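Good morning, and thank you for coming.

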Amino acid sequence: MKNHEEITISLVQDYQVFEVLPYVMEFRRQLYPLLDPLIVPKDLVNFEQNYLQSHTGAFLQARTANGKLIGVIGMMPFDYRFPHLDIDERTTVEVARLFVNPEYRRAGIATRLFQELVKTAQQKNIQRLYLHTHPFLQGAYEYWLKQDFKLLKSCYEGTYPTLHMELMIPAEQ
């Protein structure tokens, strides 16, 4: 990454989905080579509904000054698909799809994306951020711990060891 390159964080707009979706799918293909790349996850099939139209959803992007997409993060309504987790009725969203181009990593972009996501969540009166990650994603668990997430449960989901985590977020100041 060029030193002091200007990076802008913003909400993804409808007209940008055609660029953002393939970006996310390519990252997913690289990180999870054993998954069938032709099977599109439900959150991505219904991208606009989950991230852009839902009152608790959002999808953020990081772009360079010349408009190059270099990172993303999203939050979508939590769907309670893991019945073994003790998630109460507080307003909860699932944080998903934090990806940053390799050449822009270790420059604080993921943290800027996440901090902006927290602000967006506060504006939407969301009380809890939930996410899950996997031990084989190098540095992911440690990163989320640094963002003050707490481990809820470690277990297998299908064939993947999975770390379920949460962060209670304070009301907007």
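The side chain of R63 makes a polar contact with the side chain of E19, at 2.9 Å. A second polar contact, also of 2.9 Å, joins the side chains of R63 and Q61. By polar contact I mean a pair of N or O atoms within 3.5 Å; within protein, one must be able to donate a hydrogen and the other to accept it, and residues adjacent in sequence count only if both atoms are side-chain atoms.

A word on the model before I continue. This is a predicted model, in which local features need pLDDT of at least 70 and side-chain atom pairs count only at pLDDT 80 or more, while totals for chains, interfaces and linings use all residues. Residues are numbered from 1 along each chain as its sequence is written, and side-chain values use heavy atoms, with hydrogens and water left out. The term pLDDT stands for the predictor's confidence in each residue, from 0 to 100. For the protein, the mean pLDDT is 92, and 97% of the residues reach 70 or more.

Is R63 buried or exposed? R63 has a relative accessible area of 11%, so this residue is buried. Buried means under 20% relative accessible area, exposed means over 50%, and partly exposed lies in between, with a 1.4 Å probe and protein chains only. R63 is found in strand β2, residues 58–64. Helices (H or I, at least four residues) and strands (E, at least two) are DSSP runs, numbered from the N terminus. Leaving aside residues up to four places away in sequence, R63 touches several others, among them E6, T8, V20 and I70. Contact here means heavy atoms within 4.5 Å.

Two strands pair if DSSP finds at least two bridges between them. In general, strands of a sheet pair through backbone hydrogen bonds, either parallel or antiparallel.

Let us walk across the sheet from β2. Strands β2 and β3 run antiparallel and are joined by six bridges, with F59 opposite G74 in β3. These two strands form a hairpin with four residues between them, and G67 in the turn has a positive phi of about 90°. Of the nine residues in β3, eight are buried. Six bridges also join β3 to β4, again antiparallel, and here P77 stands opposite V93 in β4.

V93 has L129 as its bridge partner in β5, and T92 has R128. Strand β5 is mostly covered, since five of its six residues are buried.

**Aromatic pairs**

Finally, the rings. Rings of Phe, Tyr and Trp (its six-membered ring) pair if their centres lie within 6.5 Å; planes under 30 degrees apart count as stacked, over 60 as edge-to-face and the rest as tilted. By this rule the count is 15 aromatic pairs. One of them, Y32 with F136, is edge-to-face, at 5.9 Å centre to centre and with 90° between the planes. Y32 sits in the loop between α1 and α2 (42–45) and F136 in the loop between β5 and α5 (140–146), 104 residues apart. Y32 is buried at 16%, whereas F136, at 39% relative accessibility, counts as partly exposed.

The rings of W144 and F149 have centres 5.2 Å apart and planes at 70°, so this pair too is edge-to-face. W144 is buried at 7%, and F149 is buried at 2%. Ring pairs also link F78, Y80, F82 and Y130 into a cluster.
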